[in-house]
Each structure stands twice: as C-alpha cells, then as structure tokens.
Amino acid sequence: MRPSTVPPNLLTDNPELYEARFPDPDRLAGRWAEDCLGRHGAGPCVLDVGCGTGRDAAHLHGAGRTVTGADISEAMLTHARVHHPGPEYVHADLHGFDLGRSVFDAVVCLDSALLYCHTNEQLDAFLSCCRRALTPGGLLVAEMRNGAYFLGRTELLDVPTVKEFTWRGTVHRSTTVLTVDRTAQLLRRSRVWTTDDGSPPVEQRSAWRLLFPQELRRLLAAQGFEVLELHDGPGPRTEPPWHEGLLPGRTADADRLHLVARLTGSA
Ligand SMILES: C[S@@+](CC[C@H](N)C(=O)[O-])C[C@H]1O[C@@H](n2cnc3c(N)ncnc32)[C@H](O)[C@@H]1O
C-alpha cells in the first residue's frame, strides 16, 4: 500500500520507464560513488538510501561491497530485486529509518534523494539516522542539485520545458515548469505527462529542498560530520561528466553539489 506521504509519480511508480528516461548505461553514478568510497578508504558495508531502481547499489555490490539499498517506493524495490540483484533491498523512509545500529561503513544518497527532506527537522532526522547507522569514521556520500545555483540565475525557472521520448512504442511528452518557493526554500516542479495513446494528461507535483552549501556544512557539523569534499563537480551529472582520475573541484557554484563527509564525533 502506498504510504500517505508519497504522492503518485509516473517515473518512480514505473522503474523501467525511469531507467529509460534517465539511462546510465556506463554506471557513471555508481562508479563515481565507488571512487569517492575508495579514495577515502571506506569499509565494505554500504547503505544506498533512496536507491531507486538499484542500479548504483548493484554497481557497488559488483565492486565487492556488501550493499543494502533502501527506498520508500515498493515499485522501485521490486524492480531492484529482479533487475539489479546482489544487494539486499529494504523499505525505508529517509525522514526516519533504523536498519540496526552502526553497521554501515558508508551511506550513499544519489541524484537529489536527500532533497526529499524538505524541512530542517527532516534534514536533521535524516542525518541523525545516518549517524546512528554508521560505524565511527563512516562516510556519507551524496550528490544532488545545488540550491546556490538558483541565486541570481532564473533561466531554468517559470518557463515550460517540453521533452519527449518513446518507451515501448508510445511517445511520452512531459511539460515541466520549475518555480522557486522562497518561503519554504523549495524548488517546486509541476509536470504534465501526455502520451500519443489517447490516455488523459497526468499532472504531477514534486519538490526538492533548496539546500545551500554553507547551510549543509552547518547541518552536518551539528550531527558530528566533518566535510571532506563539497563541490560542484566534476560529478556523474555534470557537463562535462566525471571520469576516473578526475579530482573533486573547489567551487560550489554550478547546478550539482557533491558531498563526502566523515562521521567524526557525536551530535
Ligand atoms: C531521483 S530518484 C534517485 C534514485 C537513485 N538514487 C538514482 O540515483 O538513480 C529518488 C528516489 O528517492 C526515493 N524517495 C523519495 N522520497 C523518499 C523517502 N522519503 N524515503 C526514501 N526514499 C525516497 C524515490 O522513490 C526515488 O527512488
């Protein structure tokens, strides 16, 4: 049954469609996460929170790690178990999860999953759960939109963007409008899906926290994390994208934010 907090979402409700819309055939995101873990000497046990279809969790498993993938979407978890086997997949809400105390050497949270924590309380709860789940010295590796990007930049906002792709012979067309809710500090997205098979249009609304780099540092410090890397790329979703051998940047200006933090103390 769908928890009341999760609104319908065409992509996360249809994992195969999600992978078709956001292909990652070279497992760039998983390779980037593995590179971060390797460079900072993470132990083998990894939790991928907001694991989605399981692509990245399975890549980390293939790299020799013991991986648990966690997501709130049952459709995603079912897909992951079938199509990306290896990791254990469990249902969990990133606003509050308890998968056993201090068993993971690293928590990974990719493609803005962390930004589904909309309020300060949800962010604190997420980081506190990560702290409880991690062994001393454990790592948090995350990749997300950069709230600071929208300071003074409006080109992505308030104008409809139309994208089209064909999946299983049906053309899917999405018309997306992004707006900034300054009071809630959220990036809100309205997306209308139409198809050429006569189905009625479907409107879906999502939102992501607009999290600023210095704000993130403060939240992490309050939970006992030391920031090792916080930068805008190169990363798996930057242009040009990251590849092995590239080192982390020093700025946090562009539209993606990449974080590596180590649990050093208690909150
Ligand atoms: C943009 S997808 C990213 C999936 C995956 N990490 C990737 O990079 O392909 C965001 C994922 O977060 C999950 N999610 C959203 N809200 C969540 C919550 N409160 N707790 C756990 N997972 C959540 C969604 O179901 C979805 O699978």
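This is a predicted model: local features need pLDDT of at least 70, side-chain atom pairs count only at pLDDT 80 or more; totals for chains, interfaces and linings use all residues.
D111 lies in the loop between β4 and α6. Its phi is near 55°, which is a positive value in a residue other than glycine.

S112 is found in the loop between β4 and α6 as well. Its phi is also positive, near 65°, and S112 is not a glycine either. S112 has 20 other C-beta atoms within 10 Å, so it counts as buried. Most residues other than glycine have a negative phi, and most peptide bonds are trans.

A cis bond joins G233 and P234, with omega about 10°. Another cis bond joins E239 and P240, and there omega is about 0°. P234 sits in the loop between β10 and β11, and P240 is placed in the loop between β10 and β11 too.

Helix α6 covers residues 120-133, which is 14 residues. From its first C-alpha to its last it reaches 20 Å, close to the 20 Å expected at 1.5 Å a residue. Which residues of α6 are buried? They are L123, F126, L127, C129, C130, R131 and A133. Note that an arginine, R131, is in that list. An α-helix has 3.6 residues a turn, so residues three or four places apart point the same way. The cover over the buried residues of α6 includes the strands β1, β4, β5 and β11, and also helix α7.

Next, two single residues. C36 is in helix α3, residues 28-39. It counts as buried because it has 23 C-beta neighbours inside 10 Å. Setting aside neighbours within four places in sequence, C36 is in contact with V141 and V260. The C-alpha atoms of C36 and H118 are 26 Å apart, and the two residues are 82 apart along the chain.

Is G64 buried or exposed? It counts as exposed, because it has 9 C-beta neighbours inside 10 Å. G64 is in the loop between α4 and β2.

Now the whole chain. It has seven helices and 11 strands. The radius of gyration is 18 Å, close to the 18 Å that the globule rule gives for 267 residues, so the chain is as compact as a globular protein of that length. The C-alpha trace spans about 55 × 45 × 40 Å along its principal axes. Of the 267 residues, 40% count as buried. Among contacts with a separation of 6 or more, 62% come from residues 24 or more positions apart.

The chain is divided into two parts: domain 1, which is 10-148 + 211-263, and domain 2, which is 150-208. Their C-alpha centres lie 24 Å apart. Where they touch, domain 1 supplies 10 residues and domain 2 supplies 12. On the domain 1 side, helix α2 gives the most, with three residues. That side divides into five nonpolar, three polar and two charged residues.

Last, the record. An unreviewed UniProt entry places the feature "domain: Methyltransferase" at residues 46-138. Over those residues the chain is 34% helix and 27% strand, and the end C-alpha atoms are 10 Å apart.

Definitions and conventions: Residues are numbered from 1 along each chain as its sequence is written. Domain bounds come from an automatic or database domain assignment. Two residues are in contact if their C-beta atoms, placed from the backbone, lie within 7 Å. Helices (H or I, at least four residues) and strands (E, at least two) are DSSP runs, numbered from the N terminus. Ala, Val, Leu, Ile, Met, Phe, Trp, Tyr, Cys and Pro count as nonpolar, Asp, Glu, Lys and Arg as charged, and the others, Gly among them, as polar. UniProt positions are given in the numbering used here, feature names are shortened, and annotations may be inferred rather than shown by experiment. The radius of gyration is taken over C-alpha atoms; the globule rule is 2.2 Å times the number of residues to the power 0.38. A residue is buried if 20 or more other C-beta atoms lie within 10 Å of its own, exposed if 12 or fewer, and partly exposed in between; C-beta atoms are placed from the backbone. The expected span of a helix is 1.5 Å times one less than its number of residues.
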